[in-house]
Amino acid sequence: MNNAKEIKASYQAYRDSVYAAFPQVKQFEEKKKRWLTFLIFYLIFICLAKAGMYFSLTGGNSLIFILVGVLIGIAPNIIFLLAAMTPKWKVSIVLYLPAAQFLIKISQALSRGGADEITMFFNAYIHGFTEYPLIVGVDVLSWLLVLLITVTAVWLTAIPRNRELADLSEELSEKVKKHMTSFM
């Protein structure tokens, strides 16, 4: 498949020539891709840790149900993170959804019991950590993941400089795509 290698080399050479005039765009794309890849692996790690805990708590029963549950739970966020890897910054708005879900849960807790509910929530974590540090630790890491995804959404959508770089990235990406489709 020497032809495939030639096409890949041609693509890379043309892409490098297009991005040569815009090193800040290339740097932004690389940084964005690395960070989103980290978040995807972090999400997978958290879900596998939860699945392992559920599996051990159920005594090894229901493995298929646990795996299906993990896949259903992980799929939307992975889709959102993969969508955010595209050059279009407006797609990254979907990364606000996990934060919205978190805020809805907090508002429901406040409407049910107000400050007492929040105090009970923190007490449950504090006392739960003394008895079940692994379970509470993984849950805290889950909330940290939501925070990191929200910060990423802000970084990609709310900062004007990053939106400009994403718009430029979209233009350059289209230019490379058109060149490659005409090449084939």
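Helices (H or I, at least four residues) and strands (E, at least two) are DSSP runs, numbered from the N terminus. The model is a predicted one, so local features need pLDDT of at least 70 and side-chain atom pairs count only at pLDDT 80 or more, while totals for chains, interfaces and linings use all residues. Residues are numbered from 1 along each chain as its sequence is written, and side-chain values use heavy atoms, with hydrogens and water left out.

In soluble globular proteins, nonpolar side chains tend to be buried together. Here the largest nonpolar core holds 30 residues. A core of this kind is a set of buried Ala, Val, Leu, Ile, Met, Phe, Trp, Tyr and Cys residues joined through side-chain atoms within 4.5 Å. Buried stands for under 20% relative accessible area, exposed for over 50%, and partly exposed for anything in between (1.4 Å probe, protein chains only). The residues with the most contacts inside the core are Y19, L39, L43, L81, L95, L145 and I149. Two or more core residues come from each of α1 (2-19), α2 (23-57), α3 (63-84), α5 (133-157) and α6 (160-183). The top contributor is α2, with ten residues. As for I149, its contacts (heavy atoms within 4.5 Å) are with L39, L81, L95 and P98, leaving aside residues up to four places away in sequence.

I149 also turns up among the buried residues of α5, which are V136, V138, S142, L145, V146, I149, T150, T152, A153, L156 and T157. The length of α5 fits expectation: at 1.5 Å a residue, its 25 residues should span 36 Å, and its end C-alpha atoms are 36 Å apart. The expected span of a helix is 1.5 Å times one less than its number of residues. Just after α2, G59 takes a positive phi of about 75 degrees.

K31 sits in helix α2 and counts as partly exposed, at 42% relative accessibility.

What about nonpolar side chains on the outside? F55, L63, I64, L67, V68 and I72 form a nonpolar patch on the surface, with about 550 Å² of accessible area together. Patches are made of residues with over 30% relative accessible area and no salt bridge; like charges are joined within 9 Å, and nonpolar side chains (Val, Leu, Ile, Met, Phe, Trp, Tyr) within 5 Å. The areas themselves come from the Shrake-Rupley method with a 1.4 Å probe, and for residues only the protein chains shown count as cover. Helix α3 supplies the largest share of the patch, five residues. L67 is found in α3, and this leucine is partly exposed, with a relative accessible area of 42%.

Then come the charges. Side chains of opposite charge can pair when their charged atoms come close. The structure holds four salt bridges, each being a side-chain nitrogen of Lys or Arg within 4 Å of a carboxyl oxygen of Asp or Glu. One of them joins E29 and R15, with the closest N and O atoms 2.8 Å apart. This pair links distant parts of the chain, since E29 is in helix α2 and R15 in helix α1, 14 residues apart. Both E29 and R15 are buried. E29 is also touched by S169, a residue of helix α6. S169 is buried, with a relative accessible area of 1%, and besides E29 its contacts include Y19, V25 and P87, not counting residues up to four places away in sequence.

E164 and R161 meet through their side chains at 3.9 Å, N to O; both lie in α6, three residues apart, about one turn of the helix. E164 is partly exposed at 47% relative accessibility, and R161 is partly exposed at 44%. K177 pairs with E174, the closest N and O atoms being 3.8 Å apart. K177 and E174 are likewise three residues apart in α6, about one turn of the helix, and E174 is partly exposed, with a relative accessible area of 35%.
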